[in-house]
Amino acid sequence: MKLILKSLAVFALAITLTNCGEKKETDSYGNPVDKDATAQPEATVDPLLAKGQELFEGKGTCATCHKADVKVVGPSIKDIAKIYKEKGASIASFINGKGEPLVDASQYEIMKANFVITKAMSTEDRKALEAYMMSLE
Ligand code: HEC
C-alpha cells in the first residue's frame with residue numbers, strides 16, 4: 001500500500017514538472033517571458049492629430065490667438081469645437097473661406113486675415129487642423 005502511494009506521488013510530481021517545462025518560455029536569464037508584455041505597443045497618437053497640433057502651433061500661427069481653455073484674442077479651442085460639434089459644421093471648410101462665422105461674427109475680420117495662410121495649405125493640412133481642434137472638445 002505504501003509503495004503504491006509513493007509511486008502515485010512521484011507520478012503526480014513528474015506530471016507537474018513536465019507541464020511546467022512545456023508551457024513557460026524563458027529569456028536568457030531563465031525568467032519567464034510574457035509574450036503579451038513584450039509585444040510592440042500600439043501607436044496611441046493619431047498621426048492626423050499630431051500633424052494638426054504641429055500646424056496649429058507652428059506654420060498656422062493659430063496658437064497665438066487660440067488657447068485650449070481660455071479666450072485670448074480668439075475664442076478658446078474648446079468653445080469653438082463645442083459649437084462646431086453642436087452644429088455639425090466643418091472647421092476645415094471654414095478656414096478654406098467656405099463658411100460663415102458661427103462663434104463670434106463681431107470678430108470675424110480678425111480671423112479672416114488668417115485665411116491667407118490656411119487657404120494656401122493642402123486639404124489634408126486643413127483637415128489635420130480640424131481634427132486637432134475637434135479633439136480638444
Ligand atoms: C490674430 C489672431 C488669430 C489667429 C492667428 C487665428 N485666429 Fe482663429 N479666430 C480669431 C478670432 C478673433 C476669432 C473669433 C471670430 C470668429 O468667430 O470668426 C477666431 C475664430 C476662429 C474659429 C471659429 C470661427 C467661427 O465659426 O466663428 C476657428 C475655427 C478658428 N478661429 C481657427 C483658427 C485656425 C485654424 C487658426 C490658424 C490657422 C487661427 N484660427 C488663427 C483670431 C485668430
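Tutor: The following account begins at the metal site and then turns to its surroundings. Please keep in mind that this is a predicted model.

The iron atom of the ligand has two protein donors, His66 through NE2 and Met111 through SD, which lie 2.0 to 2.1 Å from the iron atom. For comparison, the ideal angles for six octahedral donors are 90 or 180 degrees.

His66 belongs to the loop between helix 3 (47-57) and helix 4 (77-87), whereas Met111 belongs to helix 6 (residues 108-112), so the pair ties together parts that are 45 residues apart in sequence. His66 has a relative accessible area of 11% and is therefore buried, because buried means under 20%. Met111, with a relative accessible area of 22%, is partly exposed.

Helix 6 also holds Ile110, which is partly exposed at 47% relative accessibility. Together with Val70, Val72 and Val73, Ile110 makes a nonpolar surface patch of about 320 Å².

The largest nonpolar core has 17 residues, of which Phe56, Ile91, Phe94, Leu129 and Met133 touch the most other members. At least two residues of this core are supplied by each of helix 3, helix 4, helix 5 (91-94) and helix 8 (123-135). Helix 8 gives the largest share, four residues.

Note on methods: Residues numbered from 1 in each chain as written. Predicted model: local features only at pLDDT ≥ 70, side-chain atom pairs only at ≥ 80, totals over all residues. Heavy atoms only, no water. Donors = N, O, S within 2.8 Å, 3.2 Å for Na, K, Ca; no water. Buried < 20%, exposed > 50% of the residue type's maximum accessible area, 1.4 Å probe, protein only. Patch = residues over 30% accessible without salt bridge, like charges linked within 9 Å, V, L, I, M, F, W, Y side chains within 5 Å. Areas by Shrake-Rupley, 256 points an atom, 1.4 Å probe, with all protein chains shown as cover. Salt bridge = Lys/Arg side-chain N within 4 Å of Asp/Glu carboxyl O. Core = buried A, V, L, I, M, F, W, Y, C linked by side-chain atoms within 4.5 Å.
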